[in-house]
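Below are some brief comments on the model, for use alongside the coordinates. They are set out as numbered points.

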Amino acid sequence: MRNVYVVDSGFFIEGINVNISDVYTTSHVEKEIKSYIARIRIESLKSQGLKIVEIDDKDIDNIKKRLNCKNLSDTDISLIALCFKLREKGYNPVLITNDYSLQNIAKILGFEVLGIGSKRIRKVYFPIKYCKNCKIYYSDDEKFCKNCNSKLIIKYI
Ligand SMILES: [Zn+2]
């Protein structure tokens, strides 16, 4: 499978200079980019083939339900949705982000992750509530699975 790269706003804000082609991001990320320098970077990368994909609210809601993860923004989830879309098309999406929560979720979902800049991926594990039957993760305040009602276990990810 061919590697393609999915990048978050940090990629443009920090001006990461990596020699990769097949770079994708979402319109959610593009809308978040406010700084002038980062906007120039995004425009110049667009002319070099950066692809900006629109993600439906429906897709974002589906993933939100599945993950039940409150510490991810819609923009974070749009990147996960984009990874799924690219995988469906037969690519191997590599998510480039420094956001620790996003890295973790992407890894759980089986995507490759690359930390960029100075903040490399740390090998730290944190506990998260999990249903063994349904393979769904829950936030800390849940005790039982909303799907099958079984008691949630604590899993370290
Ligand atoms: Zn369950």
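Leaving aside neighbours within four places in sequence, with which residues is Ile 80 in contact?

1. Ile 63, Ile 105, Ala 106 and Leu 109 are the contacts of Ile 80 once neighbours within four places in sequence are set aside; contact here requires C-beta atoms, placed from the backbone, within 7 Å. This is a predicted model, in which local features need pLDDT of at least 70, side-chain atom pairs count only at pLDDT 80 or more, and totals for chains, interfaces and linings use all residues. Residues are numbered from 1 along each chain as its sequence is written.

2. Ile 80 is also among the residues with the most contacts inside the largest nonpolar core, together with Val 6, Leu 82 and Cys 83; this core has 25 residues. Elements giving it two or more residues include strand E1 (3-7), helix H4 (57-67) and helix H5 (74-88), and H5 gives the most, with seven. A nonpolar core is a set of buried Ala, Val, Leu, Ile, Met, Phe, Trp, Tyr and Cys residues joined through C-beta atoms within 7 Å. Buried means 20 or more other C-beta atoms within 10 Å of the residue's own, exposed 12 or fewer, and partly exposed in between. Helices (H or I, at least four residues) and strands (E, at least two) are DSSP runs, numbered from the N terminus.

3. Asn 147, in the loop between strand E7 (136-138) and strand E8 (153-156), touches Cys 131, Cys 134 and Ile 136, not counting residues up to four places away in sequence. Asn 147 is partly exposed, because 13 other C-beta atoms lie within 10 Å.

4. Lys 135 is not a glycine, yet has a positive phi of about 55°.

Note on methods: Contact = placed C-beta atoms within 7 Å.
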